[in-house]
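Work through the exercises below with the sequence and the model at hand, and try each task before reading its solution.

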Amino acid sequence: MTTRTACCVLAVMRFRLVVANEAAVAAMPGVHSVHKLPGAVAVAADSWWRARKAVEALSVSWSAPATTGFDTVAADYASDGLLAALKSSTEAGLPAETEGDAAAAFAKAAKVIEADYDAPYLVHGQLEPPSSMARFNPDGTLELWAPNQMPELFQSVAAQTAGLAPEKVILHSPILGGFFGRHFLYGSANPFLQAIQLAKATGRPVKVLWSREEEFRMDALRPLSFSRFRAAIGADGRPTAIQARTVGEGSLGRRFGAVFKDPVDSSAVEGITEKLYAIPNRRMEYVKFPHPVTIAFWRSVGHSMNDFFYEGFLDEIADAGGQDPFALRMELPKDKPRHAKLLETVAAMSGGWKRGPYEVDGSRRARGVSMASPFGSETATIAEVSVQGGETQVHNVWVAFDPGSIVNPAIVKSQVESAVALGLSATLFEELVYKDGVRQSHNFDDYPILSRRSMPAVHVEIVESGAPMGGVGEPGLPGVPPAVVNAVAALTGLRIRSLPLAKNKIGV
């Protein structure tokens with residue numbers, strides 16, 4: 001039987017490196033060899049633990065990054081610096097959605113409001129760190145075990161890396177240990193390329209397993225995002241026009257721009273364009289501003305932040321016009337009974353719409369509502385919150401979910417519940433920060449996620465409209481952040497436009 005070699009990798013996105021103590025590390029117990037890879041140093045050993053201890057003993061000097069700029073992760077790269085650049089961009093935007101005459105509506109408006117919204121970088125935070133295994137067989141084939149979400153693409157890239165024809169690559173796709181967009185092809189953010197390189201270099205089957213810290217360092221990120229909104233409100237308090245300027249980059253354009261060729265990245269503006277509300281004059285524009293970091297798909301993609309932006313601003317429109325936000329949502333989707341049914345259902349689930357504040361068991365609470373239309377499905381969400389010690393506590397989340405048609409209601413319900421949990425985690429706690437060119441989170445101790453204590457009761461009702469079947473795994477998430485933030489605004493009068501809520505000390 002061939003002995004399998006375990007590998008641990010020290011990876012930093014600097015491409016020239018010097019290892020000062022390579023011979024000493026190679027002599028450590030169980031170590032097979034030390035290897036320099038693009039942007040990384042790897043140790044092959046007879047166990048992962050020995051490989052990891054050897055990697056930790058390495059003395060590596062990396063080449064210096066660029067001093068400044070956004071072409072790469074420069075020495076001064078910071079999340080707040082990128083956000084400032086997105087906000088200050090003056091480049092002309094490309095039309096993402098145009099309807100009516102927004103300029104004329106703004107000129108005649110009784111009131112004009114505007115607001116900036118942003119959301120941070122997020123890691124995937126899967127509980128199973130990525131791993132891959134590679135073996136070159138005597139018959140000239142490469143056998144590869146790699147969690148993935150696009151087998152044909154992984155097979156093609158593996159073949160290029162190994163110098164083989166694609167039919168010579170046998171790809172095993174094991175069950176994913178949590179993914180939510182993590183296991184697409186993100187270059188150096190996936191260990192399967194290193195497994196192939198090391199199997200070729202050692203002449204042995206190799207398993208590469210990243211530590212939790214390596215995963216936090218190398219994970220491809222949900223993009224940091226920014227949109228600026230304006231709305232025109234008529235004398236009757238109803239919106240007559242809305243416009244949005246989205247500056248940034250989406251994962252779809254980054255990964256598949258050469259295929260789709262649309263200059264407007266749909267993943268950067270989904271959840272802002274093609275909303276269900278009958279606001280007669282709309283002007284949405286997109287400005288591409290490439291991220292220097294590796295960006296990725298994340299559960300519900302652009303909807304995960306853009307529905308928060310739009311639905312939060314819609315509550316601001318309601319308040320500015322003296323309208324109840326639930327009543328305004330009932331009014332705006334004209335001639336769309338599917339959406340009215342969802343709103344009626346979610347209101348009934350929660351015991352009838354009431355915004356608040358109101359008292360429950362001695363605590364002061366309020367509710368927020370939102371709607372979202374991700375991936376062919378429709379959702380209406382209500383969240384109930386209180387504020388305790390400056391922190392937001394979510395008590396209940398009600399979701400009316402219309403995926404058109406369903407096969408297994410239990411699976412649908414479970415998917416919506418899990419999406420709510422992930423959406424709450426991002427709303428309340430999660431944020432990946434760059435400072436001085438370095439990610440500031442290294443593990444779950446400095447990247448908080450949703451805990452049992454913070455998990456509310458989740459109530460899901462499926463509404464089958466008979467429309468074509470839509471998505472199920474992702475659509476339950478986008479309505480959660482705006483529903484929670486809208487509830488906080490109703491309770492405290494504080495309008496949060498930048499997530500997560502944990503970075504804001506909220507009073508009542």
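**Exercise 1.** Sort the residues that line the second largest pocket by class, and say which elements supply them.

*Solution.* By class, the lining holds nine nonpolar, eight polar and eleven charged residues, where Ala, Val, Leu, Ile, Met, Phe, Trp, Tyr, Cys and Pro count as nonpolar, Asp, Glu, Lys and Arg as charged, and the others, Gly among them, as polar. The model is predicted, so that local features need pLDDT of at least 70 and side-chain atom pairs count only at pLDDT 80 or more, while totals for chains, interfaces and linings use all residues. Residues are numbered from 1 along each chain as its sequence is written, and side-chain values use heavy atoms, with hydrogens and water left out.

Next, locate the lining: it comprises 28 residues, and Val264, Asp265, Ser266, Val269 and Glu270 lie nearest the centre of the pocket. Two or more residues each come from β6 (94-99), α8 (251-260), α9 (266-269), β14 (281-288) and α10 (303-320), and α8 gives the largest share, six residues. Helices (H or I, at least four residues) and strands (E, at least two) are DSSP runs, numbered from the N terminus.

**Exercise 2.** Explain which parts of the chain are tied together by the salt bridge between Arg282 and Glu97, and state whether its partners are buried or exposed.

*Solution.* The side chains of Arg282 and Glu97 meet at 3.1 Å, N to O, and a salt bridge here is a side-chain nitrogen of Lys or Arg within 4 Å of a carboxyl oxygen of Asp or Glu. Because Arg282 lies in strand β14 and Glu97 in strand β6, the pair ties together parts that are 185 residues apart in sequence. Arg282 is buried, with a relative accessible area of 17%, and Glu97 is also buried, at 14%; buried means under 20% relative accessible area, exposed over 50%, and partly exposed in between (1.4 Å probe, protein chains only).

**Exercise 3.** Describe the salt bridge between Glu311 and Lys275, and name the network to which these residues belong.

*Solution.* The closest N and O atoms of Glu311 and Lys275 are 3.1 Å apart. Glu311 lies in helix α10 and Lys275 in the loop between α9 and β14, so the pair ties together parts that are 36 residues apart in sequence. Glu311 is buried at 0% relative accessibility, and Lys275 is buried at 13%. Finally, a network of salt bridges links Lys275, Asp307, Glu311, Asp315, Asp319, Arg329, Arg355 and Arg495.

Definitions and conventions
1 Å grid on protein atoms, 1.4 Å probe; cavity = no way out; pocket = protein on both sides within 12 Å on 5 of 7 lines; lining within 4 Å.
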